[in-house]
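Me: I have a protein structure open and want to learn how to read its features. Can we go through them one by one?

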Amino acid sequence: MPLQLNDHGLLECRAFVAGRWREGVRTFAVINPATNEEIARVPEMTPADVRSAIDAAYLAQKAWGSLSSKERGAILLRWQALMLENAEDLARILTAEMGKPLAEARGEIVYGASFIQWFAEEARRAYGDVIPPPQSDRRIIVLKQPVGVVGSITPWNFPNAMIARKVGPALASGCTFVSRPSEKTPLSALAMAVLAERAGIPEGVLSFVTGTDAEGLGLELCTNPKVRKVTFTGSTEVGRILWRQCAHDIKKLSLELGGNAPFIVFDDADIDKAVEGALIAKYRNSGQTCVCANRIYVQRGILDAFAPKFAAASAALKVGDGMAPGTAIGPLVDAQGLAKVEDHVEDALVKGARLLTGGRRSSLGGTFYEPTVLVDVKSGMKILAEETFGPVAPIVVFDSIDEVIALANDTEFGLASYFYTRDLRRTWKVAEALECGIIGINTGLISTAEAPFGGTKSSGIGREGSKYGLDDYMETKYLCMDIGV
Ligand code: SIN
């Protein structure tokens, strides 16, 4: 069925390279995971196309970088306003190509636009410094300058917001930007490009290079010496490869990688609030989110109060096409994602876990999977060690604070954690002990443009959003002046 949009110009099927809309000699299909139907065909671009996007970005950077931050901010604010004006269409394109419920897609567009706004404003506060010198004839001044050309590689799970979170600080600080969106979700990126052009972002400042050759396109971004920074959201495995590829030029890097978030419910928690938070932290985007609760730890005394309530609420979530009213759980993005979820559940069941609800594909077929809650989950099961990226909640019981801190930290990842308690001493102890970059305390929703998003350990380097986010796109240069007195 054709996609219903108010502005069909937003369903752009050409790549946007070096300020020009480009058809491809070859194209690839964009598939709706809910229906398995082809939505559009998009150009299969090559490393040579990435190169021409980089050349244009390199040329455009000087002029873009010499605009005042207020001038760049004004253009970015026009882009943000256009995103919000066209939010419904952008959300429909997003749901069609990646499956998330339309209400969540609408939320993602607003979330994405908030990064453009935040950084448009924040760039005006990219302060340098004046440092008291050690000698009376010296003056020390610190400048902040744009890094240069930025290469971006982003995933399918947040096809708008993950780009917005990178392009916002890049453009605001005076960098230019070459984006390689996921081959599963190029249409959301191209719709952003249409609006960027309408907002007046100058030619060459921003390119979107579509294609399925993830390795070839990524290699060009990481090894082209004109690119001074690479920013990536995706798996830890790919992050390691990109880091190695960027090593030769010592490029600046931001990596937002895998997670394995613990969600801890202490015995003094407000159970209803914890259930509500767990539903959000677990099932947002059908569990396909780096910060999703991957392991749920419940203190023994409240297991019987928490687990049945959470299982009943999980079972009540409506599985379906993201476009259908009331859908809470859309399809998994592809067969590979489904196979991983099935493998984790099977492994847990074979090793002694017990199902409270779900545990199988939905009767809708395709890649739909029922929200699933498991109990009697123990160390040694894959589901606790790896990121499941699906609507499966494994519950582990624990007795003491020290035990659960050790369990929560027993992972190579360190992106997000969540815990529920009403005790202040416990709050501080746990918050300081958890090894991760983000903690939700009595809340399951932690993402906002105002706060620094990013991980520790194998979950990455750098922070996105907040007052810290701009620094990742700027160099610090210091001037040492002998004033001759
Ligand atoms: C992610 O999955 O990496 C992004 C999630 C978010 O921004 O909340």
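Reply: Start with helix length. The expected span of a helix is 1.5 Å times one less than its number of residues. Keep in mind that this model is predicted.

Me: What span should helix α5 have, and how far apart are its end C-alpha atoms?

Reply: Helix α5 covers residues 161-173, which is 13 residues. The rule gives 18 Å, and the end C-alpha atoms are 18 Å apart, so the two agree.

Me: How many residues of α5 are buried?

Reply: Buried means under 20% relative accessible area. In α5, 13 of the 13 residues are buried, so the rest of the structure largely encloses this helix. Look just past α5 too: Gly174 takes a positive phi of about 105° there.

Me: Now the rings. How many aromatic pairs are there?

Reply: Ring centres within 6.5 Å make a pair, and planes under 30 degrees apart count as stacked. The count here is 9 aromatic pairs. Take Tyr283 and Phe310: their centres are 6.1 Å apart with 25° between the planes, so they are stacked.

Me: Which helices hold Tyr283 and Phe310?

Reply: Tyr283 is in helix α9 (residues 271-283), and Phe310 is in helix α10 (residues 303-315). The pair therefore ties together parts 27 residues apart in sequence. Both Tyr283 and Phe310 are buried.

Phe310 also pairs with Phe306. That pair is stacked, at 5.5 Å centre to centre and 20° between the planes. Phe306 is buried as well.

Me: Why are Phe306 and Phe310 about one helical turn apart?

Reply: An α-helix has 3.6 residues a turn, so residues three or four places apart point the same way. Phe306 and Phe310 are 4 residues apart in helix α10, which means about one turn separates them.

Me: Which rings form a cluster?

Reply: Ring pairs link Phe263, Tyr418 and Tyr420 into one.

Me: What about Met481: where is it?

Reply: Met481 is in strand β22 (residues 474-482). With a relative accessible area of 37%, Met481 is partly exposed.

Conventions: Residues numbered from 1 in each chain as written. Predicted model: local features only at pLDDT ≥ 70, side-chain atom pairs only at ≥ 80, totals over all residues. Heavy atoms only, no water. Helix = DSSP H or I, 4+ residues; strand = E, 2+ residues; numbered from the N terminus. Buried < 20%, exposed > 50% of the residue type's maximum accessible area, 1.4 Å probe, protein only. Phe/Tyr/Trp six-rings, centres within 6.5 Å; stacked < 30°, edge-to-face > 60°.
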